Amino acid sequence: MAYVIFDLDGTVIDSRHRQATRADGSLDLDHWIARNKPELIMQDSLLPLARVMRIIKRNGHKVIVCTARSYQIADEEFLWANGLDYDVYLSRAAKGDMRDDASLKVQLLNDYFIGLGFRSVEQAKPMMFDDNLKVIDAMIAIGVTCYDANYANARLAA
């Protein structure tokens, strides 16, 4: 059994209709939060890596969602409605946690794997898919094999 970690937005879910960026190219988090409503979440669509997520789960591996979203029921409803089953959902605290995605995900994954009895994330030997290059670099720095979801989705769509 392997541990396979998936980000959501830009990795398995296309939520661009809810996103805006600042002049420097960073995500406008205030805009995202304002558009993080159930009726808009249900308008998201799937990216090709969603098929990979289903196959990995069906083959008995542990699927971990690790997202910078703040969890809400609409997220879970969207995942279930689209057949995206998972074992663990790790996400940002509902309010007040404004850490960058990379720092957040490193902490979430360290806490999760140490809670399972591993000395570190690296010891569990997970693989991860994420679209954020800063997250990818941070994961590689802590010993996680991390694939660029932008590249993977483009290849799978071809």
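This report describes the sheet of a predicted model and the helices packed around it.

Local features need pLDDT of at least 70 and side-chain atom pairs count only at pLDDT 80 or more, while totals for chains, interfaces and linings use all residues. Residues are numbered from 1 along each chain as its sequence is written, and side-chain values use heavy atoms, with hydrogens and water left out.

**Overall content**

The protein has eight helices and seven strands, taken as DSSP runs numbered from the N terminus (helices H or I, at least four residues; strands E, at least two). It has 158 residues, of which 42% count as buried, that is, under 20% relative accessible area with a 1.4 Å probe, protein chains only. Among contacts (heavy atoms within 4.5 Å) with a separation of 6 or more, 62% are between residues 24 or more positions apart.

**The sheet**

Five strands form an open sheet in the order β5-β4-β1-β6-β7, with parallel pairing; two strands pair if DSSP finds at least two bridges between them. β5 (88-92) and β7 (145-148) are the edge strands, each with a single partner, so one side of each has no neighbour in the sheet. From one strand to the next the twist averages 20°; angles run from 0 to 180 degrees between N-to-C directions, and axes are lines fitted to C-alpha atoms, for helices over the stretch in contact.

Strand β4 (residues 62-70) runs parallel to β5 and is joined to it by four bridges. I64 has V88 of β5 as its bridge partner, and C66 stands opposite L90 in β5. Although β5 is an edge strand, five of its five residues are buried.

**Helix packing**

Helix α7 (residues 133-141) packs on the sheet and touches β6 (127-130) and β7. Two packed helices are described by the angle between their axes and the distance between the axes.

| Pair | Angle | Axis distance |
|---|---|---|
| α5 (residues 101-115) and α7 | about 40° | 8 Å |

The angle makes α5 oblique to α7; under 35 degrees counts as roughly parallel, over 145 as roughly antiparallel, 65 to 115 as roughly perpendicular and the rest as oblique. The crossing of α5 and α7 is right-handed, meaning that the near helix is turned clockwise from the far one by less than a right angle.

In this contact, D101, A102, K105, V106 and L109 of α5 meet K134, V135, A138 and M139 of α7. These residues comprise six nonpolar, no polar and three charged.

Methods:
Nonpolar A, V, L, I, M, F, W, Y, C, P; charged D, E, K, R; others polar. Buried < 20%, exposed > 50% of the residue type's maximum accessible area, 1.4 Å probe, protein only.
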